[in-house]
Amino acid sequence: MNKDMKKHGPKIEKGTIGRLLKYITKNHKKKFIFVIICIILSSVANVLGSLFLQTLIDDYITPLLGVQNPVYTGLLKAIGVMGLIYLVGIITAYVYNRVMAIISQNVLKDIRDEMFIKMQALPIRYFDTHTHGDIMSHYTNDTDTLRQMISNSLPQFVSSAITIISVFCSMIYLAPILTVFVILFSIITIIVTRLIGSKSAKYFINQQYSLGRVNGFIEEMISGQKVVKVFTHEEKAKQDFDILNEQLNDDMFKANRYVNILMPIANNLGNLSYVLVAIFGCLLSFNGIITLTPGTLVAFLQLTKSFNHPINQISNQLNSVIMALAGASRIFKMMDEEPEHDEGYVTLVNVKKENGKLIETDEKTNLWAWKHPHHDGTLDYVELKGHIELHEVDFGYVPEKTVLYDISLYAKPGQKIAFVGATGAGKTTITNLINRFYDIEDGKIRYDGININKIKKDSLRKSLGIVLQDTYLFTGTIKDNIKYGCDNATDEQVIEAAKLANAHNFIEMLPNGYDTMLTANGAQLSQGQRQLLAIARVAINNPPVMILDEATSSIDTRTEKIVQDGMDKLMEGRTVLVIAHRLSTIRNSKAIMVLEKGRIIERGNHEELIQQKGKYYQLYTGAFELE
């Protein structure tokens with residue numbers, strides 16, 4: 001929790017209710033109108049049932065008192081009519097609750113779809129600054145609070161509003177003086193409700209944020225469970241969790257403390273109102289101030305209950321509404337995040353050569369080109385070769401802190417360029433700038449002579465193959481994982497890519513071969529096997545530029561030889577940018593860049609850097625070790 005949040009607390013953003021209603025009315029307008037009609041019918045039926053008590057008692061029950069051999073035909077018909085009125089209310093209430101349940105699920109589907117679409121458009125920066133568990137909480141806890149509000153609280157509020165209006169009109173019709181008394185007493189109930197509800201609101205908002213932090217911590221602990229156990233960090237993890245869990249418990253306790261006292265207070269105020277109306281009505285009637293028949297008094301008392309009940313319902317639903325609005329506010333805050341900007345207009349297209357010219361084609365060829373439109377309407381096709389240039393590049397993840405200074409380098413097609421340096425020197429940051437996970441502050445990066453800011457990001461990234469130190473495999477078959485990003489690849493192409501990555505042999509030895517199901521990031525495979533699949537996944541896309549980010553640093557020497565052989569095959573004829581801790585893997589690089597504190601301090605091939613006897617020499621001879 002940042003300092004600003006501690007000081008002021010998280011808030012529900014303005015317009016949250018309006019945005020929620022738009023989701024309901026946008027795609028479910030007809031169903032919602034139908035629900036409103038059913039709610040009106042249900043509320044009016046209940047009010048008519050209460051009013052009918054006057055007729056039932058005064059016209060059918062009272063005349064039968066003291067009569068010998070009374071005839072109950074009329075009374076039975078009246079009871080039948082009353083039962084029919086209430087039956088209409090019951091049926092319409094059942095129908096609108098069922099329809100609202102359907103609407104709520106559809107609305108949540110729309111919101112989850114929109115959230116996921118927005119999430120795909122967010123920059124890497126967002127995921128670097130938000131815990132995965134907190135993001136997951138948007139899809140689970142926050143949306144569940146919305147479901148409860150839309151399916152339960154919203155129809156209750158509409159029903160309560162309609163009931164209050166219709167009951168008020170009926171009470172005025174029966175006994176205006178008693179109605180004034182009821183209104184005054186109801187105002188007291190509303191004031192009490194608002195006072196208590198306002199105290200709980202901020203704690204319900206805090207509760208949603210605390211829940212997100214707890215989920216984030218749990219997700220981290222699950223992902224890093226091996227590390228926790230290796231460092232015997234269980235007790236510290238428990239202590240950290242206890243702090244977060246205690247904060248969540250405190251917020252939940254404070255929020256529910258007020259709500260739990262609100263419900264009995266509101267109910268008891270309603271009961272007190274009922275008793276006082278009965279006493280007050282009888283006194284007025286006995287003193288001749290007003291004329292009340294037994295039926296009128298009974299009907300009015302029933303209406304009094306009907307008037308207080310919606311107020312109590314609103315009180316009971318306040319916590320659900322506040323939680324839902326807090327959840328919606330968090331969801332909309334994510335949806336309002338700035339998406340990843342892409343002003344690029346240069347795209348990657350398939351081409352073929354005819355008479356020495358590049359011609360765009362719908363056919364699948366092994367030849368690609370940058371389709372570069374110009375302001376004057378002309379169009380150029382620049383063959384994709386993989387020529388990377390960085391010229392005086394400065395960059396910082398936050399504006400006030402620069403991490404790269406004056407970086408200039410080039411990698412010609414087919415060359416292998418290596419980056420060496422301690423952790424935090426800026427090696428991975430350079431590759432993040434090339435694929436535009438982040439945009440540079442100053443300088444230029446060119447790809448085949450084109451400023452990468454002009455290239456559409458999806459086209460840029462399609463031309464780059466990246467093998468990371470930490471591989472990630474998705475739930476699905478081995479074949480699906482190799483085809484990831486190239487869904488139209490044939491089985492033959494999958495096998496060819498696996499052979500190129502030296503993965504084919506171990507895949508064939510698995511029980512179901514390429515159809516072997518992988519779960520939990522391929523936990524049933526070794527680190528080396530997962531790395532080979534990552535290489536095969538890149539190979540099938542056949543990119544002209546490869547980025548290897550410490551791809552062999554976490555595997556043993558024997559497995560490294562297999563993985564390195566696979567990578568060497570993949571690197572043939574491509575521009576390769578390598579980040580490596582093991583200097584033996586980069587000896588054959590065309591150029592090696594030694595970075596320190598965001599600057600290139602040495603550059604040259606292996607022999608040249610050894611002769612310089614600088615930092616690289618110290619690293620290679622063991623006089624200085626990478627951290």
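These legends walk you through close-up views of a predicted model.

Local features here need pLDDT of at least 70, side-chain atom pairs count only at pLDDT 80 or more, and totals for chains, interfaces and linings use all residues. Residues are numbered from 1 along each chain as its sequence is written, and side-chain values use heavy atoms, with hydrogens and water left out.

**View 1. Helix α3 packs against helix α5.** Helices (H or I, at least four residues) and strands (E, at least two) are DSSP runs, numbered from the N terminus. Here α3 covers residues 73–121 and α5 covers residues 132–174; their angle is about 150 degrees and their axes are 9 Å apart. Axes are lines fitted to C-alpha atoms, for helices over the stretch in contact, and angles run from 0 to 180 degrees between N-to-C directions. α3 is therefore roughly antiparallel to α5 (a term for angles over 145 degrees). The contact of α3 with α5 divides into 15 nonpolar, 7 polar and 2 charged residues. Ala, Val, Leu, Ile, Met, Phe, Trp, Tyr, Cys and Pro count as nonpolar, Asp, Glu, Lys and Arg as charged, and the others, Gly among them, as polar.

**View 2. Helix α2 also packs with α5.** Look for α2 at residues 16–61: α2 and α5 meet at an angle of about 35 degrees, with axes 8 Å apart. Their contact has 17 nonpolar and 6 polar residues, and no charged ones.

**View 3. The second largest cavity is lined by residues including Leu433, Tyr438 and Asn453.** A cavity is a set of points on a 1 Å grid over the protein atoms alone where a 1.4 Å probe fits but cannot get out, and lining residues have an atom within 4 Å of a point. Strand β8 (residues 442–447) gives the largest share of its lining, 3 residues. By class, the lining has 5 nonpolar, 3 polar and 3 charged residues.

**View 4. Lys357 sits in strand β2, residues 357–360.** Lys357 counts as exposed because its relative accessibility is 60%. Buried means under 20% relative accessible area, exposed over 50%, and partly exposed in between (1.4 Å probe, protein chains only). Lys357 and Ile322 are 35 residues apart along the chain, and their C-alpha atoms are separated by 65 Å.

**View 5. Glu363 lies in the loop between β2 and β3 (368–373).** At 46% relative accessibility, Glu363 counts as partly exposed. From C-alpha to C-alpha, Glu363 and Thr92 are 60 Å apart in space, and they are 271 residues apart in sequence.

Conventions: Angles under 35 degrees count as roughly parallel, over 145 as roughly antiparallel, 65 to 115 as roughly perpendicular and the rest as oblique. On a 1 Å grid over the protein atoms alone, a cavity is a set of points where a 1.4 Å probe fits but cannot get out, and a pocket is an open set with protein on both sides within 12 Å along at least five of seven lines; lining residues have an atom within 4 Å of a point.
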